[in-house]
Every structure is written in C-alpha cells, then in structure tokens.
Amino acid sequence: MNFLQRTLTLIVTSAFALSFSGISAVFAETLRVAHSSNPGQSVYIYWDELANRVNERAGGALELKVFPSGQLGGDEQILRGLGSGTIHMGSNSSSNMGIVSDAYAWGDLPYIFKSADGAQAAFNDPIISEYIAEKMRADANTIVLGHIEVGGFRVLINTKRQLKTPDDVQGMKFRMLSNAIDPELLKAWGGSPVPMPWSETFVSIEQGIADGLQLQPQAIRGFGFDKMIRHGTYTNTLMTVHVAQINADTWDGLSDELKAIVSTASDEALEIANAADRSDIDRFTQELIATIEFYTPTDDEFEQWRSAGMSVWEKVTGSIDPDILARVQEVQK
C-alpha cells in the first residue's frame with residue numbers, strides 16, 4: 001500500500017469512527033476560548049468545566065482550547081475578537097458589553113438587582129433572554145451561552161479613605177465601566193470618572209491615576225487589588241455577571257449534535273461555577289479583612305447612596321426599552 005492509499009484509508013477510518021460515535025464530522029475543529037480570569041475564580045471554573053465536557057463528549061469532532069488570564073487580551077479585545085471570529089468563545093462583564101451592544105444597558109442601572117437570585121430570575125426569564133439573544137446576535141455577532149456569577153454586589157473600594165456617605169467621595173477619581181451609566185453614577189456620588197480599559201486598571205490604581213473602582217470581593221482578591229486598596233464600602237449598587245458567548249458564525253457552523261453538546265455542557269458548567277462563586281464570597285471577604293477596612297452604611301447613610309444612585313435613572317432610561325425594564329423589575333417581586 002503506497003502513501004496515498006494509506007492516507008485515504010486513514011481519512012475514511014477516522015470519518016467512520018466519528019460517525020459511529022454519533023457526531024457527524026470529517027475532521028476535528030479547534031475553537032479558541034478566551035477570558036481574563038485567574039484560577040479559582042468562577043469564570044475560570046466555568047470555562048474549564050465546559051471545555052472538559054465538550055472535549056470528552058464531542059468524539060474528537062470538536063476541541064476547545066482555553067486561553068485564560070487575559071492571554072488573548074482584555075475584555076474589549078475579547079469582545080472584538082468574538083465579533084470578528086478571531087476568538088470563537090469567551091466571556092466578558094455585562095457592564096462592559098456596551099462596547100458592542102446595549103443589550104445589557106438595563107443591567108447597569110443602580111439598584112436594578114435586589115439579589116443574586118433576582119439577577120438570575122431576570123436573565124433566565126424567557127422574554128428577557130429572547131431580547132438579549134436577538135440583540136447580541138444582531139449587534140455583537142455572538143450567541144449567549146449563559147451568565148456566570150462573579151461575586152455578587154460590587155464594593156466601592158479606594159486607596160485613600162473610608163467612605164460613609166457620598167459626601168466623602170468628593171474630589172476622588174474612580175475607574176469607570178465601559179457603559180454610559182457608570183460615569184453618571186460616579187458623578188452623582190461626587191466622584192470624577194476616569195475611563196480606562198480593564199487591562200490598564202491595576203497599574204492605574206497603583207500609579208494614582210485613579211483612586212479606586214467598584215469591584216467584587218472575588219475580583220479584588222483574584223486580581224491582587226488588595227495589595228494597594230485599603231478601604232471598601234458596601235453600597236449594594238451594582239451586580240454584574242460575565243456573559244459567556246460563542247461567535248454566531250461559529251455556532252451556525254456546528255452540527256445539531258455539537259450544539260446540543262455545547263449547550264448541555266454550558267448548563268452544567270454554569271451550575272458548578274455559580275455555586276462555587278456564592279460559596280466563595282464570604283471566604284474572599286474574610287481574606288480581605290486583613291488588609292482592607294470594610295464599612296457597612298447605616299440605614300440613613302445607605303439611603304443617601306441609594307437616592308443619589310437612583311437619580312441617574314432619569315438621565316439614562318430614555319435609551320432603555322421600557323418594556324424590558326418593567327419586566328426586569330416584575331420578575332424580581
């Protein structure tokens with residue numbers, strides 16, 4: 001048997017093996033998966049669990065190769081790559097999704113979520129999820145696989161002083177999220193919003209370009225901000241998630257069998273990652289107490305934070321679908 005005959009025999013044998021395993025494919029396709037999280041964080045857990053399941057169940061027809069910890073860039077680079085298809089799968093904070101779509105604009109409103117369960121009720125609602133799916137495919141060229149919890153409510157953290165009320169924020173600079181609402185919120189509290197990509201945030205805080213930001217305990221610890229942050233205030237203002245996505249063209253090119261494998265694996269990975277995230281919130285907070293002084297506002301002080309935050313709604317809700325906004329509030333009752 002000559003070389004050509006041996007090669008043809010190998011191709012036919014491989015194709016037969018794949019079809020026999022229930023996956024209709026002639027060759028294995030490798031998909032690049034990118035995210036910016038580190039080991040132990042919920043986003044890292046999600047993609048690790050998803051990749052392991054898909055790689056095991058796809059019968060060799062599909063392989064996910066994960067590039068964690070910002071190896072392929074920060075949130076903005078990953079979002080752009082997902083849209084163009086240079087990155088096949090990845091996740092980003094819902095608060096940074098404004099770079100490519102306003103599908104999650106309502107989720108950036110101060111005090112829109114009452115709890116983690118309330119946020120999941122909104123994201124899993126059929127009407128809201130359909131709205132998100134249509135917007136993300138049209139605007140970002142991606143298919144949403146699920147929403148990964150990333151530490152509950154963000155904490156207002158800084159390097160300078162304790163913040164009991166918005167009056168204490170006067171004159172301070174805070175890194176703002178990549179959406180239209182966050183700068184208005186920071187200004188309503190008396191702060192100066194500073195735009196910067198996530199990849200530059202750590203160095204910017206370290207160099208004093210910004211005094212602080214809003215971040216979950218998991219991320220404070222996971223990204224090493226506790227090395228310089230000394231104060232944190234529980235304002236319970238914002239709760240973001242990471243949006244797990246796949247490029248729409250990549251998704252459309254998968255067989256029905258592979259789509260089912262990816263969807264099922266995603267559901268399973270979400271359950272594991274979200275459970276780990278909730279159990280870790282207290283642990284990370286306890287670890288941070290050694291270097292960061294956390295403050296819980298009194299009822300009167302909290303109302304000052306909330307009142308200032310809610311004043312932002314009047315300025316930005318005109319660009320948000322009123323039916324979706326009403327639905328988000330309704331499903332959390």
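**Figure 1. Pairing of strands S4 and S10.** Strands S4 and S10 pair in the antiparallel sense over eight bridges; two strands count as paired if DSSP finds at least two bridges between them. In this pairing Val-144 stands opposite Gln-245 of S10. Helices (H or I, at least four residues) and strands (E, at least two) are DSSP runs, numbered from the N terminus. The model is a predicted one, in which local features need pLDDT of at least 70 and side-chain atom pairs count only at pLDDT 80 or more, while totals for chains, interfaces and linings use all residues. Residues are numbered from 1 along each chain as its sequence is written, and side-chain values use heavy atoms, with hydrogens and water left out.

**Figure 2. The five-stranded open sheet.** The sheet has the strand order S2-S1-S3-S10-S4, and its pairing is mixed. Strand S2 (62-67) and strand S4 (142-153) are at the edges with a single partner strand each, so one side of each has no neighbour in the sheet. On average, neighbouring strands of this sheet are turned by 20 degrees against each other, direction ignored. Axes are lines fitted to C-alpha atoms, for helices over the stretch in contact, and angles run from 0 to 180 degrees between N-to-C directions. Strand S1 (residues 29-34) pairs with strand S3 (residues 89-93) in the parallel sense over two bridges, and Val-33 has Met-89 of S3 as its bridge partner. S3 and S10 pair in the antiparallel sense over five bridges, where Ser-91 has Ala-244 of S10 as its bridge partner.

**Figure 3. Burial of strand S10.** Nine of the nine residues of S10 are buried, so this strand is largely enclosed by the rest of the structure. Buried means under 20% relative accessible area, exposed over 50%, and partly exposed in between (1.4 Å probe, protein chains only). Both faces of S10 are covered. One side carries Met-239, Val-241, Val-243, Gln-245 and Asn-247, and the other carries Thr-240, His-242, Ala-244 and Ile-246, all of them buried.

Figure 4. Asn-92 is placed in strand S3 and counts as buried at 0% relative accessibility. Leaving aside neighbours within four places in sequence, Asn-92 is in contact (heavy atoms within 4.5 Å) with Asp-75, Ile-78, Leu-79, Leu-82, Met-97, Val-241, His-242, Val-243 and Gln-245. Glu-130 is 38 residues from Asn-92 in sequence and 19 Å from Asn-92 in space, C-alpha to C-alpha.

**Figure 5. Helices H3 and H10 across the sheet strands.** Helix H3 (residues 75-84) lies across S1, S3, S4 and strand S10 (239-247), and runs at about 140 degrees to S3. Helix H10 (residues 256-288) lies across S2, S3 and S4, and runs at about 10 degrees to S4.

**Figure 6. Packing of helix H2 on helix H10.** Helix H2 (residues 42-57) packs with H10 at an angle of about 150 degrees, with the axes 8 Å apart. H2 is therefore roughly antiparallel to H10; angles under 35 degrees count as roughly parallel, over 145 as roughly antiparallel, 65 to 115 as roughly perpendicular and the rest as oblique. The crossing of H2 and H10 is right-handed. A crossing is called left-handed if the near helix is turned anticlockwise from the far one by less than a right angle, and right-handed if clockwise. H2 residues in the contact include Ile-45, Tyr-46, Leu-50 and Val-54, and those of H10 include Ile-261, Ala-265, Ala-269 and Ile-272. By class, the residues of this contact are 12 nonpolar, three polar and five charged. Ala, Val, Leu, Ile, Met, Phe, Trp, Tyr, Cys and Pro count as nonpolar, Asp, Glu, Lys and Arg as charged, and the others, Gly among them, as polar.

**Figure 7. Crossing of helices H5 and H13.** The axes of helix H5 (residues 126-140) and helix H13 (residues 322-331) come within 10 Å and cross at roughly 140 degrees, so H5 and H13 are oblique to each other. Their crossing is left-handed. Ile-127, Ile-128 and Tyr-131 of H5 meet Ile-324, Arg-327, Val-328 and Val-331 of H13. This contact of H5 with H13 has six nonpolar, no polar and one charged residues.

Figure 8. Most residues other than glycine have a negative phi. Ser-69, not a glycine, has a positive phi of about 55 degrees; Ser-69 is in the loop between S2 and H3 and counts as partly exposed at 35% relative accessibility. Asn-141, also not a glycine, has a positive phi of about 60 degrees. Asn-141 is in the loop between H5 and S4 and counts as partly exposed at 22% relative accessibility.
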